[in-house]
Amino acid sequence: METIRYVISIVSVFVLPLLIVGFPLYGLYKKVPVYEEFVEGAKEGFSVAVRIIPYLVAILFAIGMFRASGAMDFLVEGLRPVLSLLGIPPEVLPMAIIRPLTGSGSAGIVLDMINQYGEDSIFVKMAATMFGSTETTFYVIAVYFGAVNVKKTRHAVPAGLIADATAMILAVYVVRLLFG
Amino acid sequence: MLNYIWAGFIIFSLVFALVADVRDLTTDAYRNEQPLPLTVSFPEGYQAGVRRVPTNVLIDPATYGRFYATDARPDSAYGGYLVNTREGTQLRFEEGVSLPEPLGTIRGFSSSRDDELQGTVQNFRLAPDSLAATAEVVFTPVRFVKLNAITEAAFDFAEVAVELALGLIGVIALFLGLLRIAEAAGIINALVRFTQPVFRPLFPEIPDGHPAMGMIVLNLTANMLGLGNAATPLGIKAMEELQELNPSEDTASNAMVMLLAMNTASVQLVPPVLLVAIMGLQINQLIFAIIIVTMISLIVAVTSAKLLGRLPGYRKTDPDRLAREAPPPDAPAA
């Protein structure tokens, strides 16, 4: 286990330099006009970023309002009995709900939980595992679909949320199994 | 679905803000227009006619608790000063002191200066030694806190969204440039040939040897290795390739939904940088847990993307299917 992890951590350090240096080098070897091609591709960077803006604004301002209104806290309270049936401790509930909505918000929750329960607490481990196992689904949807101007997302949101919910519940069970 | 969730966020925030504000109004949570009794002491003595007198403000905790019906308690003393004007005397708390609720919220509303709580002084009674006085203070009335808060949040987050998007320009440009080289050099094609057997069943819509597959593989790899910076531009590029195959302009194809689902639940061999930063060495214990969880949730994501796509409602809107059934109008008549 330890060696696998070591190898993975080494690989992950090398991937980016390999891409950034390797692609142009290999291109050169293949007699590609690397500089010209790079500039040609990079030109699109600005328009892609600008294209995302309306989608991100739409998603983020709605989530911001939702948090500011206190509705988020109410949701946490409301879901408490349901989740305790599933064996999910109420302490990690804020994380499970906020994670798909905001990355920085959920980082804040982990920090807050460390202060509240201590670094070694099982709740912190659960919350951190939730954080590491899922994505900021709504952000990803806004950015990925925004980049190609797709507005009708069909089953993307339900599929993403089902995956998120699974990961949240699993995180509780797996952490309990490993550390409980 | 996104329509309803999105509208739900907005409608619920309005409803909740209104409910909270009405509750505050009916219970008069901020004791609008009512005077809070307190004591002020003057370390340098009090002289009538001086415009600005430095003071220490002492609020009796028991009185405070009774007055606002709260468990929050004030500190033993707050710095501040009295300002005498023709219209009367004002008490201003020192800038940025930490105040108990609801004074903290009231401060946000007494606005002329941002971080100063201020109120109008009544019944000012100076002690004989002119070093202290009792007084009553009326603070700025506070109404519709939450309603103001959600409007402010809407404005703030709109700005944050633009900053986020613009902040991506550089990295997106870098990777789009690199990918263009990779395409021209044939790296993407090699990657496609290599990984096709595994990914083909997941993305049946992508034709053989299409570069979209290569971009998807690069995106998922970056994701797995916790390289968020690289994963986003690669994912965007993959989406663009998929959009070229998509007969519809504004409707997601099944392949796009699959890519998205795999992204939200991708296997994490290396946890995200932010989490590592927060957890420090603790993260080592959690990596195994994260890998197990993400592996299972990836399977769930792929299955649910596939199965949901078969539901009649989503089948009806499948752009690939629609295009197959109804040939484009300019197609030659058979």
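This is a predicted model: local features need pLDDT of at least 70, side-chain atom pairs count only at pLDDT 80 or more; totals for chains, interfaces and linings use all residues.
Residues are numbered from 1 along each chain as its sequence is written, and chains are lettered from A in the order in which they are written. Local features need pLDDT of at least 70 and side-chain atom pairs count only at pLDDT 80 or more, whereas totals for chains, interfaces and linings use all residues.

Colour chain B by confidence: helix α9 (residues 254-264) has the highest mean, 93, and helix α10 (residues 273-279) the lowest, 79. Helices here are DSSP runs of H or I, at least four residues, numbered from the N terminus.

Next select α1 (residues 2-27) and α4 (residues 145-167) of chain B, whose axes, lines fitted to C-alpha atoms over the stretch in contact, come within 7 Å and cross at roughly 150 degrees. The two helices are therefore roughly antiparallel, a term for angles over 145 degrees. Show B:A17, B:L18 and B:D21, among the residues of α1(B) that meet α4(B), together with B:L147 and B:I150 on the α4(B) side; contact requires C-beta atoms, placed from the backbone, within 7 Å.

Now display both chains, where 89 residues of chain B are in contact with 88 residues of chain A. On the chain B side, α11(B) gives the largest share, 16 residues.

Finally, select chain A, which an automatic or database assignment divides into domain 1 (1-42) and domain 2 (44-179), with 31 Å between their centres, taken over C-alpha atoms.

Technical notes:
pLDDT is the predictor's confidence in each residue, from 0 to 100. Axes are lines fitted to C-alpha atoms, for helices over the stretch in contact, and angles run from 0 to 180 degrees between N-to-C directions. Angles under 35 degrees count as roughly parallel, over 145 as roughly antiparallel, 65 to 115 as roughly perpendicular and the rest as oblique. Two residues are in contact if their C-beta atoms, placed from the backbone, lie within 7 Å.
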